[in-house]
Amino acid sequence: MAKTMQTEMENEAYADLTPIQRFFFGRSVFITGATGFVGKLFTKLKEIYPNFQKHVRLVDGDLLKERLGISEENFEEMKATVSVVFHSAARVQFNDPIKKAVQHNIIGTKVFLAMCNEMPNLEAVVHVSTAFVRKEADNHVYEKIPQTKVTPKQILDAMEWMDSDCQKAVEDYLLEKKFTTYLVTKALGEVVVSEECRDTPTSIIRPGNISPTFKDPFPGWCDSIQGLSGLILAGAKGVLRALMSVAELKLNIVPVDLVVNSMIVSAWHIAKERPPSVYIVNCVMDYYKLPMADETILQKALEKRKDYPLVNMFRYPDFKIYYSWVPYKIHSIIDEWIPAYICDFFLYIFTGQTVLVRVHKKIKFIYDIFLRLGRDPWICCLDNFNTMKDSLKNGDEEIFFLDTEDFDWDSYMEDCFLGGRKFIAHEDPSNIPYARKKAQIWWFVTTVLKWFLIMLFIYYVFPRSLFGSDDRMHDVHS
């Protein structure tokens with residue numbers, strides 16, 4: 001009787017599900033990279049389904065080991081039960097040496113696919129890549145496997161016998177002074193997917209620069225200083241004070257929940273449609289509707305420094321945007337690097353640690369990537385993305401939203417600012433009134449100190465006659 005009642009309840013619940021929810025109902029799903037930014041969006045789920053963790057198993061793994069380092073016992077269970085796989089594990093370090101990037105993003109992908117080919121019940125494999133793998137001469141990024149300067153086999157063979165000097169030469173050849181080892185090896189990883197996916201329906205999701213959430217689990221959530229969140233927070237703390245830009249710079253950012261939705265929808269879509277080849281989806285915002293970075297992102301940060309300042313700031317937040325290299329470098333050295341080195345010097349004396357210089361280097365490196373990828377347009381074609389979006393019906397278009405036609409950038413940037421304040425800086429919204437008062441004090445102290453130093457400089461550099469004293473002239477005549 002109890003079993004019959006449970007079955008009836010399950011059938012009734014199943015009847016109320018959307019098509020995508022029905023597809024995943026009762027399935028076992030394997031996710032790599034679950035501890036990364038894309039992998040953990042669980043806060044809201046804990047509130048709605050407190051016992052959801054009973055249905056989740058954590059499996060230790062390693063991208064550099066055979067079968068991802070998964071034990072024989074766990075893998076046997078996976079072979080018997082898993083039908084959908086999401087592969088988002090990667091090493092997202094843009095400046096890795098070529099050999100390390102190859103190990104994680106090419107060898108790791110080969111090992112992952114070899115494991116998938118041993119799993120008889122798979123109906124969908126989703127691989128996460130990046131939108132910046134390759135663009136054509138017309139600045140378009142097409143939804144197809146990229147052409148690469150070398151094959152995966154060639155680069156793997158080379159890494160076996162080359163010494164570090166030879167590897168560096170190969171790295172320079174592949175990067176062409178505009179890419180990074182991460183981007184090059186992710187492109188080669190896509191080639192690996194196309195070569196070794198066999199007959200299992202497979203998709204590749206290519207996100208742009210992943211940024212804080214748009215809606216789920218709530219607006220503005222983030223947990224990493226990588227990308228947009230790091231720039232906003234560095235500006236709010238008063239660490240970032242000079243930015244180099246180019247005219248009409250656009251940042252190809254995409255909310256992380258849109259990326260997750262694309263992954264989920266693509267698994268359902270390829271299992272249903274069974275495309276004849278790897279289904280590639282550029283998961284980005286429409287390039288022609290992206291706002292100018294200077295107006296919408298950088299200026300927004302300046303506006304919000306007064307509305308939502310941080311209690312724990314290094315200096316009063318203030319930065320300028322430059323379009324010429326020389327004034328930018330001068331401002332950066334004087335207003336960023338020198339104060340950072342001075343503060344780290346005293347910090348090292350008292351604590352034995354340094355912080356600010358290291359933070360500066362990381363933030364500047366992140367922004368340099370944005371700048372390099374934004375100097376020229378990366379116009380991603382969205383045919384497959386729009387096909388998936390248009391296929392969402394019967395409630396899926398609300399739950400797994402992909403429609404960003406009416407995306408409000410001003411509102412989103414405000415959410416990003418508040419999210420960075422709460423989830424990265426760990427400052428509660430309740431302390432905003434106190435933070436505003438403290439920011440006013442910081443502004444006064446900073447302004448007085450700045451003008452004092454300027455006047456001191458003028459006083460000792462220029463003739464004192466400028467200040468109404470001619471003592472120097474009398475001394476000369478005498």
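User: In which helix does phenylalanine 350 lie?

Analyst: Phenylalanine 350 lies in helix H12, residues 325-351; helices (H or I, at least four residues) and strands (E, at least two) are DSSP runs, numbered from the N terminus. The model is predicted, so local features need pLDDT of at least 70 and side-chain atom pairs pLDDT 80 or more, whereas totals for chains, interfaces and linings use all residues. Residues are numbered from 1 along each chain as its sequence is written, and side-chain values use heavy atoms, without hydrogens or water.

User: Why is phenylalanine 350 called exposed?

Analyst: Its relative accessible area is 69%, and exposed means over 50%, buried under 20%, and partly exposed in between (1.4 Å probe, protein chains only). Phenylalanine 350 therefore counts as exposed.

User: What makes the nonpolar surface patch of about 1,000 Å²?

Analyst: Its members include Val326, Ile330, Phe346 and Phe350. A patch takes residues with over 30% relative accessible area and no salt bridge, joining like charges within 9 Å and nonpolar side chains (Val, Leu, Ile, Met, Phe, Trp, Tyr) within 5 Å. Areas come from the Shrake-Rupley method with a 1.4 Å probe, and for residues only the protein chains shown count as cover.

User: How many aromatic pairs does a search of the whole structure find, and why is the pair of phenylalanine 23 and phenylalanine 24 edge-to-face?

Analyst: The search finds 15 aromatic pairs. For phenylalanine 23 and phenylalanine 24 the ring centres are 4.9 Å apart and the planes stand at 85°. Rings of Phe, Tyr and Trp (its six-membered ring) pair if their centres lie within 6.5 Å, with planes under 30 degrees apart stacked, over 60 edge-to-face and the rest tilted; the pair is therefore edge-to-face. Phenylalanine 23 and phenylalanine 24 are both buried.

User: Why is the pair of phenylalanine 214 and phenylalanine 401 edge-to-face?

Analyst: The ring centres of phenylalanine 214 and phenylalanine 401 are 5.9 Å apart and the planes lie at 70°, so this pair too is edge-to-face. The two residues are 187 residues apart, and the pair links distant parts of the chain. Phenylalanine 401 is buried, at 3% relative accessible area.

User: What makes glutamate 123 and arginine 27 a salt bridge?

Analyst: Their N to O distance is 3.1 Å, and a salt bridge needs a side-chain nitrogen of Lys or Arg within 4 Å of a carboxyl oxygen of Asp or Glu. Arginine 27, at 26% relative accessibility, counts as partly exposed, and glutamate 123, at 32%, counts as partly exposed.

User: Why is the pair of lysine 110 and glutamate 196 said to tie together separate parts of the sequence?

Analyst: Their side chains meet in a salt bridge at 2.5 Å, N to O. Lysine 110 lies in helix H5 and glutamate 196 in helix H8 (residues 181-196), so the pair ties together parts that are 86 residues apart in sequence.
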